[in-house]
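Let's take a friendly walk through a protein model. Have the sequence and the 3D view open as you read.

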Amino acid sequence: MRDTLTSLRYRYWPDHLLGEILSKRWTETAIPVILLLIIGLALSRSIDNFLSPASLADTARQAGEIGFIALGLALVVIVGGIDLSVGSIFALTDFCALYCLDVLGWPVPAVVAVTLLCGALLGAVNGVLIGYLRLRAFITTLITLIIYRSAYDLLIQRYSNAIASAFPDIPSWDFIGAGSVFGVPTVALVYIVIAIFGHIFLTRLRPGWHITAIGGSRRSAYNSGIPVRRTIALCYVASGVLTSIGALFFASRLGTVGGDIGVGLEVIVLTATVLGGITLGGGKGSVAKSAVGVLIVLLITNGLTTMNARGGVNRMALAGILLVAAMVDIRWQKNRTRIISKVYVAPTYHSLPPPPSTEIGQGGPFEQNDKLRNVESIGLGRIEAPEDVILDRHDNLYAGSRHGDIIRFLAPDYQKMEVFAHIGGQPLGMAFDRADNLYVCIGGMGLYRITPDGTVEKATDETNRSMRSVNDDSRLRLADDLDITDDGLIFFSEATVRYEMDEWPVDGLEARGNGRIISYDTKTGATRTELRGLKFPNGICVASDGQSILFAETFGCSIKRYWFAGPKKGAVEVVMDNLPGYPDNINLASDGNYWLALVGMRSPSLDLAWKMPGFRRRMAKRVPVDEWLFPNINTGCVVKFNEQGKIVESFWDLRGENHPMITSMREHRGYLYLGGILNNRIGRYKLDNADPNFVQYDNRWGKQS
Amino acid sequence: MKHFRFSQQEIVFVVFAGLFLVFSIFLRGFLTTDNMLTLLQNVAVLGILGLAMAIVVIGRGIDISLIAALAVPPGLVLQMVQNGHSLPASLLTAVLLTIAFGLVNGWLIAYAEVPSLFATLATGLLLAGLGQTALFQLDVVQWSPGMDGFEKLGQGTILGIPTSIVMFAIACVVVAFLLRQTRWGAYIYAIGDNPFAARVTGIPSRPIIVLQYVITALIGCFAGLVLAASVNSMPTRIFNSTLIYDVILVVVLGGIGLSGGRGGVLNVVIGTLVIGTMLNGMTIMDISYAGQNLIKGVVLLLAVITDSFLNPRNEETAQQGDI
């Protein structure tokens, strides 16, 4: 009863989603967005006319003006600095625009150009000081804040009357300030255009990447040849220009040069930036975060003003929010990976009946013996991690290596060894097609094809993304084994979509069906996911009927059959279950049966732990990785089974000296060749009563050797 | 490096002497006993604030909220006495408020790891906003009869020396003792020099950082009391002025590098003298407030640039997010 409940709870409650969602980068934007929605909802309930078009347009105008400044600050913060002088630059450029328009009487385009230039120059002062002279951003911009403010105070003492008395009546100027297109204020439109460009700039263009790189690590950016000083300086220039754009709209909207314009603006914009989730110290941030932050801050301040709060309350609220946001952000950035690694592992309920006995004297198909004791070793100490082995019709032996090579041992004595092809990732399962191309599954890379002359070509490295998956499962993380049908369809297994290759035991700890079987059509080049939710699918072999494949589920401890053609097309059927070990590769035998490698034997402790997901989750949270309970993979055996799923024969090495750990085996001309992913050798075992002319893929393609 | 530091002190002192000489010759009314006393009285509060700032800057921090600590707790004392509370009770409340404020600052910086400039910028706004909304009825808190006798802290003379200058001297001695004669002082220098090395050595860096900000806030509050006593009121709008930049100017010009671990009380004294002379001269020349700010800003900028050349930032120990 309790087991049933546990199994139901773990089958239907998606524990794994929490870790996957947290490791998504958009969660950091999602939190401010949720905050924005909550505040917006609360305000629209408590304040009348909050959502009226007029009120919204007014908010949009303010948001646009502050939004420009926030964009500039976002850029500067992402590059690893800060710009406190924006309030003063805002005031000065506002003055510049109105002075040119009202006192000098220049035409509007000239006013716009000069104001932008003015903003650029003011920003350039910061840029040179911080970028080239490497001063501290905070203190430097604090000083330029005073200098610019003093300059502004001096200027308005002289010119404020002249500006206040002028009433320019220029339609284009008024359009900038008060105009709208289809009810959307001009400033909001321009902001949207610039924001979209800013997003593309930051995420898709080289200079934007440079900015993020410098913010992430200044020294590494410098070492990789990015012009650090110039980029930083230009960010401050951009901040000045964007601030002056905001000031232009402000000037055309209000046309005043009051003494308190831009005072305290830096705190508002800074609050918006931090609240939006742009990390102080640099390296992380986006346009969307900046925009969301501005909206939140504006809603709060406007809401407080509408509710007649005193000025001090407003300031306190902003400062308080600023502190809390900064604190949350700093703690989150510091502990993010730790939190994710704690919650990412999400074990599920996995129940297996007691395994069949393998003890000597107990009988049964898995009874241990010592047949593999005298296995010969090929390439002892010269090859590392041959997960799969394969032989061509000239008896040359191919095997993958940990260094990302396909190694070829030359017939007849297999002493001479050469690198047949270099791929770069760990080669796993291998198969020859009709044209003698070698198809290889590469862990972390996908399915690759090696032509007989050793040229490496990518067959496929992505499949269709499933809509319900949070992790992007379109890329192949761990392509494992493959076989090719008569029609040129390649079926290959992807063991897990949640872990990288080196983390495969963790997938076993989870025991969720994270794996899938994918097909690749060699004729059309199309890739398609055939089966999902498999527990670490591993070995694949096209069955003798030519209409189905046999595949092993390693942590499901079972062999299943999947019909890809014929009357039962699409059906999955269990061939063998409750194996005493973890099945790996499957290959054809010369007598029409199948070879199967058991990479490790089940242990009662893990079997029990699989029924206790809570225990495994606590273990993953509290115990260091080295101490976790993992599947045993240091002893194993090779078995032969027939079409009905009956074990015909088993081969053991009791002492595990000559050939410990077997992940694959390949029959070739009366010998069985053994591969093991943790081994430094390839095993060779003389079979009794085997067809001395059997070459697996020549047999398949009907060729004679 | 030691040679450099020494020469920077010398340079600043020479600047002070030159400035003093030029003003004495060209400015009528500068070199008079009255003006000298005014100058010293005016800079006494600035000097005390400079000492407060020096402690955190030596510990590789900065405290922008110092002016809030100067304005709000002393303002609270005046307000409470005005409302009929006794002077000791009011003083105790103000000191408790100051300590609480220092603890908040220190906790944010040491434990929540918010950069000090940033944390104190926000907490300063918070405290000033609290004063503005909840504590004070008017922007300038007036003297009330209950405060009688307390004005001696800022007015009159002791042995012929103006009291505020004596207060500055006392503060100097206390801070010098703290920094040079106590273990905590040595820890502050160690943390400022290399925070990571200090922590690895086993120095309780976080409590010491909290202590720095508490002491700084307390000295700021003391400066505020002296200020209130000398002008018989507490103009709380002082928070909105550029006083904090004068304080930073004192510290940086005096030769206490912003990268921490260097300098002492003597640097503050020299910095105070230079700034005091400069401000006094500009006032006599009748330069407008904005003009004075502009000049101060430019001088501060030059000082920071010079500082960055003389005490370059240590890239190895500079923290990510240390902006």
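## Before we start

This is a predicted model, in which local features need pLDDT of at least 70 and side-chain atom pairs count only at pLDDT 80 or more, while totals for chains, interfaces and linings use all residues. Residues are numbered from 1 along each chain as its sequence is written, and chains are lettered from A and ligands numbered from 1 in the order in which they are written.

Helices (H or I, at least four residues) and strands (E, at least two) are DSSP runs, numbered from the N terminus.

## Two helices side by side

In chain B, helix α2 (residues 33-58) packs with helix α6 (residues 163-181) at an angle of about 20 degrees, and their axes are 8 Å apart. Axes here are lines fitted to C-alpha atoms, for helices over the stretch in contact, with angles running from 0 to 180 degrees between N-to-C directions. That angle makes α2(B) roughly parallel to α6(B); angles under 35 degrees count as roughly parallel, over 145 as roughly antiparallel, 65 to 115 as roughly perpendicular and the rest as oblique.

Residues are in contact if their C-beta atoms, placed from the backbone, lie within 7 Å. Among those making this contact are B:Leu40, B:Ala44 and B:Ile48 of α2(B), and B:Phe168 and B:Val175 of α6(B). By class, the contact residues are 12 nonpolar, three polar and no charged. Ala, Val, Leu, Ile, Met, Phe, Trp, Tyr, Cys and Pro count as nonpolar, Asp, Glu, Lys and Arg as charged, and the others, Gly among them, as polar.

## Where the chains meet

Between the chains, 32 residues of chain B are in contact with 32 residues of chain A. On the chain B side, α12(B) gives the largest share, 11 residues. That side has 21 nonpolar, 10 polar and one charged residues.

## An enclosed helix

Is helix α13 of chain A largely enclosed or open? Of its 12 residues, 11 are buried, so α13(A) is largely enclosed by the rest of the structure. A residue is buried if 20 or more other C-beta atoms lie within 10 Å of its own, exposed if 12 or fewer, and partly exposed in between. The buried residues include A:Glu266 and A:Val269. After α13(A) comes A:Gly277, with a positive phi near 100 degrees.

## One residue in a strand

A:Leu447 sits in strand β10 (residues 446-450) of chain A. A:Leu447 is buried, with 22 other C-beta atoms within 10 Å. Not counting residues up to four places away in sequence, A:Leu447 touches several residues, including A:Tyr439, A:Phe492 and A:Tyr520.

Conventions
Two residues are in contact if their C-beta atoms, placed from the backbone, lie within 7 Å.
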